[in-house]
Amino acid sequence: MAPRCWRWWHWSAWRRTRPPPAGSTPSFPRQFSTQEQAPQICVVGSGPAGFYTTQHLLKHHPRAHVDIYEKQLVPFGLVRFGVAPDHPEVKNVINTFTQTARSDRCAFRGNVVVGRDVAVSELQAAYHAVVLSYGAEDHQALEIPGEELPGVFSARAFVGWYNGLPENRELVPDLSCDTVVILGQGNVALDVARILLTPPGHLEKTDITEAALGVLRQSQVKTVWIVGRRGPLQVAFTIKELREMIQLPGTRPMLDPADFLGLQDRIKELPRQRKRLTELLLRTATEKPGAEEAARQASAARTWGLRFFRSPQQMLLQDLKAGLLPSGPRPGYSAIKALLSGRGVQPVSFSDWEKLDAEEVSRGKGAGKPREKLLDPREMLRLLGR
C-alpha cells in the first residue's frame with residue numbers, strides 16, 4: 001500500500017471526526033500495535049502547525065516516532081519570524097514546543113529543503129506517513145500596475161525583515177517618506193503599522209533585529225493609513241490589537257465619523273466579540289476624548305487612520321487507526337540521512353539549535369534584549385563548526 005501524504009497549511013481547516021466514546025481507549029490497527037513496530041512519521045515544517053501535529057501524534061500513539069524537517073536552520077516558524085517583537089507573551093508557546101522536540105520520539109532536522117534536498121516521494125518511501133505542515137512560501141501578488149516599484153513591499157517580507165528571517169535580511173525599506181499606506185485590515189496590518197509608529201526606544205528591549213531598529217530610528221514616517229476593501233463591520237483585526245493602536249505612545253487615531261454612520265443601530269445584532277470591537281471603533285471615531293487623552297493626542301507627532309471601501313487597481317490519526325497506512329517496517333530518517341549525506345546536505349539537530357539559541361541570548365544580554373537574532377545562515381553553520 002502506498003504511504004499517505006497529508007498536506008496541511010496553517011490556514012487550512014480539517015474535517016471534524018467523531019471522538020471516541022467517553023472512557024474508551026483508542027485502538028490502533030494490528031500492524032501498529034504497541035507490541036510491534038513503531039510508525040515512522042515525517043512532518044515538514046516546524047512552525048505551530050508542525051509542532052501541534054507532532055504533539056498530537058506523540059500523545060495519541062505511544063510508539064510513534066516523528067521527524068520534523070525544516071528548511072531554516074532554526075525552528076518555530078511564525079512564532080519566531082511572524083509574531084511582532086513587542087508581543088513576547090505570544091512566543092511563550094516555544095517552551096512547550098521545546099519540550100516536544102526534546103522527546104526521544106521526536107527529532108528536528110533543520111537546514112533541509114524538501115523539494116530540493118530531498119523529494120516528497122523519497123520521504124514517502126522512508127516513512128509510513130508524510131505531513132506537509134508549512135505555510136505560504138511567498139506573498140500573493142496584487143497584479144496591479146506599479147506593484148514592482150521601489151517602496152512597495154509585501155507584509156510577509158516586511159515582517160520577515162524586522163523579525164530576522166534570513167531570506168529578508170537584505171530588505172532595505174526606505175522610510176524617509178512622510179506617509180505609508182498598508183493594504184489590509186487584519187492583525188498583521190496593525191502589527192506593521194504599530195512597528196512603524198512605535199517610538200524606537202520602546203522596541204530596544206525586544207528581540208527586533210538591530211538592523212531593523214537602526215532603520216526605524218531614522219524613519220521619517222508620520223502618518224500610516226490602513227486601507228481595506230470592505231467596511232468597519234468586516235475589519236479582521238481583534239480588539240486587543242486595536243486598543244494597542246489607540247493607546248500607542250506619541251500617536252493619535254484619525255477615524256472619519258462618516259464611515260460609521262448608521263452602525264449604532266446594527267451593533268446590538270452583532271456577536272459579542274464583533275460588538276465590542278465595533279463599539280470601540282465607534283467611540284474612537286465619534287466621541288470627544290477626555291481632557292487627559294485630548295492632551296496626549298494634541299502632543300502626538302504621529303497619526304494613523306483607517307480607510308474603508310477602497311481597493312487597489314481536523315486531522316492526523318483516523319487513517320492510522322483504520323489501518324490505511326502502509327504495513328511493514330519503514331526505515332524513517334536512516335534512509336533519508338544517507339540521501340542527504342550523499343547530496344552534501346548538513347541537517348541541523350535540535351541540540352544544534354539550542355547552541356544557536358544560547359548564542360543569540362548571549363548577544364542580546366549586553367543590550368538588555370531577550371536575544372539578538374542570528375541572520376546569516378553561513379554564520380550559523382560556522383558557529384556549529386560546519
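This is a predicted model: local features need pLDDT of at least 70, side-chain atom pairs count only at pLDDT 80 or more; totals for chains, interfaces and linings use all residues.

Colleague: OK, how many helices and strands does the chain have?

Modeller: The chain has 15 helices and nine strands, where helices (H or I, at least four residues) and strands (E, at least two) are DSSP runs numbered from the N terminus.

Colleague: And what share of the residues counts as buried?

Modeller: Of the 386 residues, 46% count as buried, with buried meaning under 20% relative accessible area, exposed over 50%, and partly exposed in between (1.4 Å probe, protein chains only). The accessible surface of the chain comes to about 19,800 Å², and 52% of that belongs to carbon and sulfur atoms; these areas come from the Shrake-Rupley method with a 1.4 Å probe, and for residues only the protein chains shown count as cover.

Colleague: Let's take helix 8, which of its residues are buried?

Modeller: In helix 8, which spans residues 239–246, the buried ones are Ile239, Glu241, Leu242, Met245 and Ile246. They cover an arc of only 160° around the axis, so they sit on the same side of helix 8; the arc is that of the directions from the helix axis to the C-beta atoms.

Colleague: What do those buried residues pack against?

Modeller: The buried residues of helix 8 pack against helix 6 (187–197), strand 8 (251–254), helix 10 (272–286), helix 11 (291–298) and strand 9 (302–307), with contact meaning heavy atoms within 4.5 Å.

Colleague: Since helix 6 came up, how many of its residues are buried?

Modeller: Nine of the 11 residues of helix 6 are buried, so that helix is mostly covered. Among them are Ala189, Asp191, Arg194 and Leu197.

Colleague: What does Asp191 touch?

Modeller: Asp191, which is found in helix 6 and has a relative accessible area of 9%, is in contact with Ala84, His87 and Tyr162, leaving aside its neighbours within four places in sequence.

Colleague: And Val224, where is that?

Modeller: Val224 is in strand 7, residues 223–227, and is buried with a relative accessible area of 0%. Apart from neighbours within four places in sequence, Val224 is in contact with Val180, Ile182, Ala193, Leu196, Leu197, Thr303, Trp304 and Gly305. Val224 and Leu197 are 27 residues apart in sequence, and their C-alpha atoms are 8.0 Å apart in space.

Colleague: Switching to backbone angles, what is the phi of Asn111?

Modeller: Asn111 has a positive phi of about 65° although it is not a glycine. Most residues other than glycine have a negative phi. Asn111 lies in the loop between strand 4 (106–110) and helix 4 (120–126), and is buried, with a relative accessible area of 17%.

Colleague: Then what about Phe309, is that residue buried or exposed?

Modeller: Phe309 is exposed, with a relative accessible area of 60%, and its place is in the loop between strand 9 and helix 12 (318–321). The phi of Phe309 is near 55°, a positive value in a residue other than glycine.

Colleague: Last topic, which residues line the largest cavity?

Modeller: Gln72, Leu73, Val74, Pro166, Pro377 and Met380 line the largest cavity, whose volume is about 30 Å³. On a 1 Å grid over the protein atoms alone, a cavity is a set of points where a 1.4 Å probe fits but cannot get out, a pocket is an open set with protein on both sides within 12 Å along at least five of seven lines, and lining residues have an atom within 4 Å of a point. Grid points are joined across faces, edges and corners, and a volume is the space filled by probe spheres set on the points.

Colleague: And the second largest pocket, which residues lie nearest its centre?

Modeller: Lys91, Ile94, Asp207, Asp357 and Arg371 lie nearest the centre of the second largest pocket, out of 20 lining residues, and the space in that pocket is about 410 Å³.

Technical notes
Residues are numbered from 1 along each chain as its sequence is written. Side-chain values use heavy atoms; hydrogens and water are left out.
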